[in-house]
Amino acid sequence: MPTRKLISFDWAMKRLLRSKANFGILEGFLSELLRVDVQILEVLESESNRDTADDRSHRLDLKVRNHRGELVLTGVQYERQHDYLSRMLYGSARTLVEHLDAGQPYADLVKVISVNILYFDLGHGEDYIYRGTTRFHGLHKHDELALSLAQRRLFPGREATHELFPEYYLIKVDRFDDIARDTLDEWVYFFKHEAIQDGFSAKGLGEAKEKLDVLKLAPAERAAYERWQDDLHLQASLVASNYGLGKIEGREEGREEGRDEGREERTLEIARAMKANGVAPDVIAQSTGLDHEVIAGL
């Protein structure tokens with residue numbers, strides 16, 4: 001059984017994993033997830049991984065470039081966000097645009113891999129890890145479109161069309177049943193419990209166990225981490241206990257027909273109550289899915 005509490009992965013992303021000395025932790029996780037050894041060359045700056053003035057922001061993303069020239073977006077999301085799939089699409093599309101300069105050919109577009117660690121149940125499905133790719137299937141012959149010889153020469157190392165398009169991974173942490181069937185599950189166990197059991201052998205977990213020990217933090221850093229954890233619990237309680245958003249997600253789809261208008265009004269009521277209680281606009285937006293302009297006008 002685990003005996004030491006470890007730093008949560010989101011805090012590590014915010015404070016520790018940007019350091020080259022700690023790349024091995026994220027490299028280990030990505031290697032287990034992608035089933036190929038990953039080497040991180042650099043952490044890339046973007047709006048989504050800069051420190052914000054409000055340190056309570058729970059919307060964390062880390063963008064890195066690996067040894068294959070791919071850009072890997074790793075994000076952690078706590079609050080329920082019904083349009084999160086759209087956010088994933090926007091993030092990958094924005095990354096593609098940001099990394100193609102004017103005059104560059106489309107062949108120079110980078111490969112984007114979006115890894116999303118979610119602490120809420122997104123969509124309807126029984127699994128806790130999902131992978132999404134873009135594939136082209138024939139409507140009549142039912143074959144899959146493949147790269148031609150000329151295209152494989154143009155894109156060295158790529159064998160199939162889906163390898164050119166963004167790739168998405170969803171890890172729904174709360175759906176994990178705590179049974180580590182393989183080394184990737186050992187990482188999911190860590191995400192869920194912030195602990196590593198004796199005998200776990202996944203790549204990067206040994207380094208994580210050593211470097212993410214809460215007791216090894218400097219006093220000031222440890223105090224900041226504890227404030228971070230307290231705020232996570234507070235915001236989760238505000239949403240779950242006071243505003244009843246979980247009931248919206250729990251309704252069966254068949255019972256939701258014809259109730260969209262009422263649900264929208266309920267969402268506005270919730271947002272008004274949150275705003276009146278001093279909840280940050282970013283948290284309201286993430287919890288309700290409302291635009292900042294709507295929230296400002298309430």
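Me: Among contacts in the chain between residues at least 6 apart in sequence, what percentage join residues at least 24 apart?

Reply: Start with the term: contact means heavy atoms within 4.5 Å. Here 65% of those contacts join residues at least 24 apart. Bear in mind that this is a predicted model, where local features need pLDDT of at least 70, side-chain atom pairs count only at pLDDT 80 or more, and totals for chains, interfaces and linings use all residues. Residues are numbered from 1 along each chain as its sequence is written, and side-chain values use heavy atoms, with hydrogens and water left out.

Me: How many helices and strands does the chain have?

Reply: Helices (H or I, at least four residues) and strands (E, at least two) are DSSP runs, numbered from the N terminus. This chain has twelve helices and six strands.

Me: What share of the chain counts as buried?

Reply: Buried means under 20% relative accessible area, exposed over 50%, and partly exposed in between (1.4 Å probe, protein chains only). Of the 298 residues, 44% are buried.

Me: Is V64 buried or exposed?

Reply: V64 is buried because its relative accessible area is 1%. You'll find V64 in strand β2 (residues 60–66). V43 sits 21 residues away in sequence, yet the two C-alphas are 4.4 Å apart. Beyond neighbours within four places in sequence, V64 touches L26, I40, E42, V43, L44, E70, L71 and V72.

Me: How many residues of helix α5 are buried?

Reply: Eight of the eleven, so to speak a mostly covered helix, spanning residues 183–193. The buried set is L184, D185, E186, W187, V188, Y189, F190 and F191. Those residues pack against α1 (9–15), α2 (23–34), β4 (112–118), β5, β6 (167–172) and α6 (205–211).

Me: Which residue caps the N-terminal end of α5?

Reply: A polar contact is a pair of N or O atoms within 3.5 Å; within protein, one must be able to donate a hydrogen and the other to accept it, and residues adjacent in sequence count only if both atoms are side-chain atoms. D182 is the cap, with a side-chain oxygen 3.2 Å from the backbone nitrogen of L184. Just after the helix, E194 takes a positive phi of about 55°.

Me: Where is F136, and why does F136 count as partly exposed?

Reply: Look in the loop between β5 (129–132) and α4 (149–154). F136 counts as partly exposed because its relative accessibility is 35%.
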